[in-house]
Amino acid sequence: MVVGLAHLPWASLARRAFRVDHIRVEGTHYLDADRVGAIAGLHTGQSLLEIDGDRVRQALMLNPRIRNASVSREWPRGVCIRVVEREPLLLVRHGVPWEIDSSGVLLARSPTAWSPTCRCSRASASTGCRPAPSSTFPR
């Protein structure tokens with residue numbers, strides 16, 4: 001009986017038994033979960049045993065919107081990606097709009113990010129910029 005068990009294709013059975021059927025993404029605000037999964041290079045149907053968490057994390061960290069990321073397996077059939085996104089603090093309009101976070105990292109404009117509107121005239125420049133009445137700022 002032991003000899004019979006030794007001849008079973010264990011690697012093939014393990015790959016089929018531990019297929020990823022869900023990818024959970026936490027911590028997103030500006031990026032959506034599908035985008036994070038695509039950046040990570042993960043998809044359903046992959047073998048959970050063949051996922052290299054360090055490689056996936058490195059792929060996520062190459063995206064300037066992501067400040068930090070972690071990847072963990074959720075046995076027997078899932079993956080959890082936790083991201084900390086960069087928070088835009090300043091909107092710069094130099095040709096196309098760019099956002100800048102608190103560390104000075106330049107971020108491509110996100111369609112879901114807030115955009116404060118502040119109009120300054122030469123007369124008000126010495127006293128400081130006052131927001132236009134129609135401006136909205138996040139709280």
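Student: What makes strand E2 (residues 66-74) and strand E3 (residues 78-85) a pair, and in which sense do they run, parallel or antiparallel?

Tutor: In this predicted model, E2 and E3 are joined by eight bridges in the antiparallel sense. Two strands pair if there are at least two bridges between them, so E2 and E3 qualify with their eight bridges. As an example, serine 70 has arginine 82 in E3 as its bridge partner. Three residues lie between E2 and E3, and the two strands form a hairpin.

Student: How do you know that E1 and E3 pair, and how do they run?

Tutor: E1 and E3 are joined by five bridges, and the cut-off is at least two; therefore they count as paired. E1 and E3 run parallel. One of the residues involved is isoleucine 23, whose bridge partner in E3 is valine 79.

Student: Why is arginine 65 called buried?

Tutor: The relative accessible area of arginine 65 is 7%. Buried means under 20%, so arginine 65 is buried. This residue lies in the loop between H4 and E2. Not counting residues up to four places away in sequence, arginine 65 touches several others, among them Tyr30, Val84, Glu99 and Leu107.

Student: How do you know that isoleucine 81 is in contact with Leu60 and Ser70?

Tutor: Contact means heavy atoms within 4.5 Å, and isoleucine 81 is in contact with both residues. Its other partners, leaving aside neighbours within four places in sequence, include Ile23, Val36 and Leu42.

Student: Which residues have the most contacts inside the largest nonpolar core?

Tutor: They are Val36, Leu42, Ile51, Leu60, Val79 and Ile81, in a core of 16 residues. Helix H3 (33-40), H4, E2 and E3 each give two or more residues to this core. In soluble globular proteins, nonpolar side chains tend to be buried together.

Student: What share of the protein chain is buried, and how many helices and strands are there?

Tutor: Buried residues make up 27% of the 139 residues. The protein chain has five helices and six strands.

Definitions and conventions:
Residues numbered from 1 in each chain as written. Predicted model: local features only at pLDDT ≥ 70, side-chain atom pairs only at ≥ 80, totals over all residues. Heavy atoms only, no water. Helix = DSSP H or I, 4+ residues; strand = E, 2+ residues; numbered from the N terminus. Core = buried A, V, L, I, M, F, W, Y, C linked by side-chain atoms within 4.5 Å. Buried < 20%, exposed > 50% of the residue type's maximum accessible area, 1.4 Å probe, protein only.
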